[in-house]
Amino acid sequence: MATNLQATVRRRPPPTHRLSLNDPVVRAVIYQIVVVGGVLLLAWYLIHNTLANLETRKIATGFAFLQREAGFAIGESLIEFAPADTYLKALIVGVLNTLRVAVVGIVLATILGTFLGIARLSRNWLLAKAASVYVEFMRNIPLLLQLFFWYVVITESLSGPREAVNLMPGVYLSNRGFRFPTPVDHPVFSYMFVALLLGVVASIFVSRWAKRRQEATGAQFPTISASIGLVLGLPLLVFLLAGAPLTMDWPTLRGFNFVGGASLTPEFVALLVGLVTYTAAFIAEIVRSGILAVSKGQWEAAGALGLRRSLILRNVVLPQAMRVIVPPMTSQYLNITKNSSLAVAIGYPDLVSIANTTLNQTWQAIEGIALIMAVYLTVSLSISAFMNWYNKHIALVER
Amino acid sequence: MKKFIGLAAGAAVALVAGAGAVQAQGQSTLDAVKAKGFVQCGANGSVVGFGAPDSKGEWKGLDVDVCRAVAAAIFGDASKVRYTPLTAQQRFTAIQSGEVDLLVRNTTWTLQRDTALGLDFVGVNFYDGQGFMVPKKLGVKSAKELGGATVCVQPGTTTELNLADYFRANKIDFKPVVIEKLEENVAVYLAGRCDVFTTDVSGLASVRSTQLPVPADHLILPEVISKEPLGPAVRHGDNRWGDVVRWSFFAMLEAEEYGLTSKNIDEHMNSPNPGIQRFVGLTGDYGKMLGLDNKWSYNIIKQVGNYAESYERNVVPLGIERGINKLWKDGGLMYAPPLR
């Protein structure tokens with residue numbers, strides 16, 4: 001024994017791992033096997049138990065219900081939907097409604113949040129204080145409460161459609177929503193859309209060319225006005241060449257409500273306003289921290305070149321601040337998307353609301369929840385992927 | 001090693017707990033209820049007259065009385081009930097998962113719920129139908145005039161489907177506003193966001209008389225667009241428990257037929273009528289057959305009352321007449337099989 005021990009002590013580090021719990025490597029492997037095994041066992045148990053319970057309670061499983069007739073109506077939809085359509089189509093309507101409020105919400109919250117963030121750093125005392133009061137107020141009240149608030153404000157303060165406020169010819173505001181006229185569809189609109197795309201592509205080329213020229217010669221080119229001209233002008237030109245075929249679909253009061261035109265419903269507006277004003281407070285803080293993270297020397301150096309404060313902010317500070325701003329911004333965008341599921345409380349037919357109805361009519365709860373999770377996961381991962389790509393794009397290029 | 005032991009212990013506890021849950025499935029709810037000493041009853045919570053707590057926090061209503069009757073039959077004490085307020089969406093999960101023993105939440109008996117949802121309906125304690133309520137100032141007299149109207153409706157109900165069916169059948173269109181909570185729905189209807197509020201006529205009457213500031217300003221339209229037999233439901237396959245709930249309710253109908261009330265049942269203890277003798281438990285072993293005390297039906301009537309008393313107490317104040325909910329011998333649909 002003694003010689004053996006001495007031999008071990010002399011021969012260190014030991015070249016082989018002994019199969020003992022005292023060996024850290026063996027221990028690590030065993031722990032991992034046990035944990036993975038435990039997780040798999042738990043997953044198997046849960047799935048097995050669920051299926052067994054569903055079986056004993058004679059609850060049908062599977063996704064066959066998606067092809068059955070939905071039978072319920074949906075308040076607002078981006079695509080045509082009637083009760084005779086399938087559950088699948090109803091769920092697609094829900095996904096589109098969720099995306100609609102999420103996309104518009106992300107854009108508006110970014111704009112509002114950026115302005116608020118900059119305002120908090122403004123040298124104007126009143127503006128800076130107003131912005132900080134806003135931020136502290138909004139982000140310390142639960143979002144659900146704010147949604148109820150906006151919904152009540154809209155439905156209680158506005159009158160019924162028969163006493164609607166007529167803002168300008170054809171535009172009405174009532175507790176049924178904001179009703180406005182829309183152009184009647186005409187074949188020339190699709191050509192105008194092509195012209196619009198062409199305008200966007202052309203303005204990208206113009207701005208690249210202008211940048212190269214400025215770098216080479218120093219001569220500036222009015223990129224912004226040229227781009228606006230291209231993007232708006234080309235479709236307008238097509239429209240005028242086609243003889244300006246514009247007829248409007250005017251809203252008129254018939255029976256209980258307005259007919260014709262299009263409308264933003266109180267539910268959509270309440271949800272959008274709630275999400276935007278709430279999230280903008282968080283975005284404002286992110287923007288502020290990003291700007292503060294840029295060293296003071298950058299401001300001073302740019303100032304020494306004689307640039308105006310607004311130019312410094314736009315061309316020197318914000319591009320650098322973006323590197324700090326973008327990663328936390330991603331999670332705010334994800335928050336908007338996920339928080340939009342609170343819509344169910346105020347009656348906006350988003351994915352969760354429609355999936356809830358579906359799983360109540362069909363009793364396919366597990367399938368319904370799985371679909372909701374899959375959709376939110378897909379949307380969230382897409383946003384993350386895009387933001388990661390954008391983050392790489394603006395990251396500091398190290399030479 | 002400690003961590004490992006903890007993990008193993010956790011997994012073992014989870015497995016044992018799971019096994020316990022599965023075992024509880026095999027046992028009748030009747031035994032489980034007797035063991036724990038009370039009935040867990042899934043009720044509405046918002047619809048006054050059917051299932052809602054009053055200003056003192058005591059649950060009252062036609063549905064609640066079924067729960068109390070079951071407790072009286074099992075324990076001889078109608079107060080041994082605990083209530084779980086459930087929304088339209090939560091109710092089926094609650095009964096399926098065993099969170100409640102009994103669901104009496106103005107729930108419509110349909111084929112799908114009886115089969116695919118894993119429920120058993122044991123009877124009908126209120127024959128209802130879906131209707132529409134509108135503010136009188138709209139000047140609407142019939143549901144046929146509702147073309148283009150905006151309708152407030154709760155999700156997860158047969159109401160939502162009947163609504164779409166009715167408008168489709170009559171080729172008129174409408175906009176639904178779907179909000180889960182009843183109170184929110186009523187608030188939005190009052191604010192004028194919707195022209196119409198729809199649910200079962202009993203629910204409309206209850207809302208109108210208890211939740212609207214001026215009930216007389218609102219009109220329930222004459223059209224009743226659906227059949228809504230509302231009844232208590234239990235989990236599918238638990239026949240002994242289903243029998244107890246079914247016969248507890250039938251006892252209330254039977255007592256009305258015999259003219260037995262909570263006031264006079266003691267005077268009938270020595271009645272020569274063999275039907276009444278069976279009912280109060282003097283002859284026969286009918287309680288034993290259900291797995292209960294032979295005094296079960298006496299206790300129900302003594303403590304809860306017969307169906308007419310329950311109806312008078314809960315539903316008449318809402319302004320809903322007995323109508324088709326009268327006993328069969330008075331021209332209604334309420335009919336209990338012979339209690340023998």
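Visitor: What area is buried between chain A and chain B?

Guide: Happy to start there. In this predicted model, about 3700 Å² is buried between chain A and chain B, and carbon and sulfur atoms give 53% of that area. The contact draws 42 residues from chain A and 52 residues from chain B.

Visitor: How many salt bridges are there between chain A and chain B?

Guide: For a salt bridge, look for a side-chain nitrogen of Lys or Arg within 4 Å of a carboxyl oxygen of Asp or Glu. Three salt bridges are counted between the two chains. B:Asp195 and A:Arg176 form a salt bridge through their side chains, at 2.7 Å from N to O. On the side of chain A that touches chain B, α2 (24-56), α5 (143-157), α8 (266-293) and α11 (351-362) each supply at least two residues. By class, that side has 21 nonpolar, 13 polar and eight charged residues.

Visitor: And pockets? Which residues lie nearest the centre of the largest pocket?

Guide: Rolling a probe the size of a water molecule over the atoms shows where empty space is left. Here the largest pocket holds about 1300 Å³ of space. Its lining counts 49 residues, with A:Ile74, A:Gly75, A:Glu76, A:Ser77 and B:Lys175 nearest the centre. The largest share of this lining, five residues, is from β10(B).

Visitor: Which helix gives the largest share of the lining of the second largest pocket?

Guide: That is α10(A), with nine residues. The second largest pocket has about 990 Å³ of space. Among its 22 lining residues, A:Lys211, A:Arg314, A:Asn315, A:Val316 and A:Pro319 are closest to the centre.

Definitions and conventions: Residues numbered from 1 in each chain as written. Chains lettered and ligands numbered in written order. Predicted model: local features only at pLDDT ≥ 70, side-chain atom pairs only at ≥ 80, totals over all residues. Heavy atoms only, no water. Contact = heavy atoms within 4.5 Å. Buried area = accessible area lost by both parts, 1.4 Å probe. Helix = DSSP H or I, 4+ residues; strand = E, 2+ residues; numbered from the N terminus. Nonpolar A, V, L, I, M, F, W, Y, C, P; charged D, E, K, R; others polar. 1 Å grid on protein atoms, 1.4 Å probe; cavity = no way out; pocket = protein on both sides within 12 Å on 5 of 7 lines; lining within 4 Å. Points joined across faces, edges and corners; volume = space filled by probe spheres on them.
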